[in-house]
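Open the structure in your viewer and keep the selection tool at hand. The tour below goes from one stop to the next.

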Amino acid sequence: MLKVEKRTIPHYPKNFVRAILLCWILGIFGIHRFYTGYKRIGFIQLITLGGFGIWWLIDLVSMCFNSYKDKYGTELEEYNGYLASLILSGTVILMLSVFILSIPVALEKWYS
């Protein structure tokens, strides 16, 4: 009787530093999803600009807390907690500063 063996494609875990930098810099276009093997979700994020920024932010936070997994369900290798906290705090500071700096512009438009 002929025995058929299933072929498997070798899987290499994705690097945490590359994934989080791709997410932080180009995440609104879903580039980190393409890198980790999620091509369909990456394409959807590319079209919707990261789910209007919300999906991008969720991915960034899950990477920072080391709960993001690649397509095959493995964690990203070489997790760096210092880099994760630096990127997360930098993102929060940047978002808060943009919000605070936009208040005078909004008030000026409101009262004019």
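What follows is a short walk through a predicted model.

Start by selecting Asn-15, which sits in the segment before helix H1 (16–26). Is Asn-15 buried or exposed? Its relative accessible area is 12%, under the 20% cut-off, so Asn-15 counts as buried. Now show what surrounds Asn-15: apart from neighbours within four places in sequence, it is in contact with Tyr-35, Glu-77 and Glu-78. A side-chain oxygen of Asn-15 comes within 2.7 Å of the backbone nitrogen of Val-17, at the start of H1.

Next, select H1 itself. Phe-16, Ala-19, Ile-20 and Cys-23 are buried in this helix. Turn the view to look down the axis of H1: the buried residues fall within an arc of 90°, so they line one face of the helix. Show helix H2 (31–35), helix H4 (54–64) and helix H5 (81–111), which are among the elements covering those buried residues. On the other side of H1, pick out Arg-18 and Ile-25, which are exposed.

Move on to Phe-52, in helix H3 (residues 39–52). Phe-52 is not a glycine, yet its phi is positive, at about 60°. The side to look from is open: Phe-52 is exposed, with a relative accessible area of 75%.

The last stop is Asn-66, in the loop between H4 and H5. Here too phi is positive in a residue other than glycine, with a value near 60°. Asn-66 is partly exposed, and its relative accessible area is 22%.

Note on methods:
Residues are numbered from 1 along each chain as its sequence is written. This is a predicted model: local features need pLDDT of at least 70, side-chain atom pairs count only at pLDDT 80 or more; totals for chains, interfaces and linings use all residues. Side-chain values use heavy atoms; hydrogens and water are left out. Helices (H or I, at least four residues) and strands (E, at least two) are DSSP runs, numbered from the N terminus. Buried means under 20% relative accessible area, exposed over 50%, partly exposed in between (1.4 Å probe, protein chains only). Contact means heavy atoms within 4.5 Å. The arc is that of the directions from the helix axis to the C-beta atoms. A polar contact is a pair of N or O atoms within 3.5 Å; within protein, one must be able to donate a hydrogen and the other to accept it, and residues adjacent in sequence count only if both atoms are side-chain atoms.
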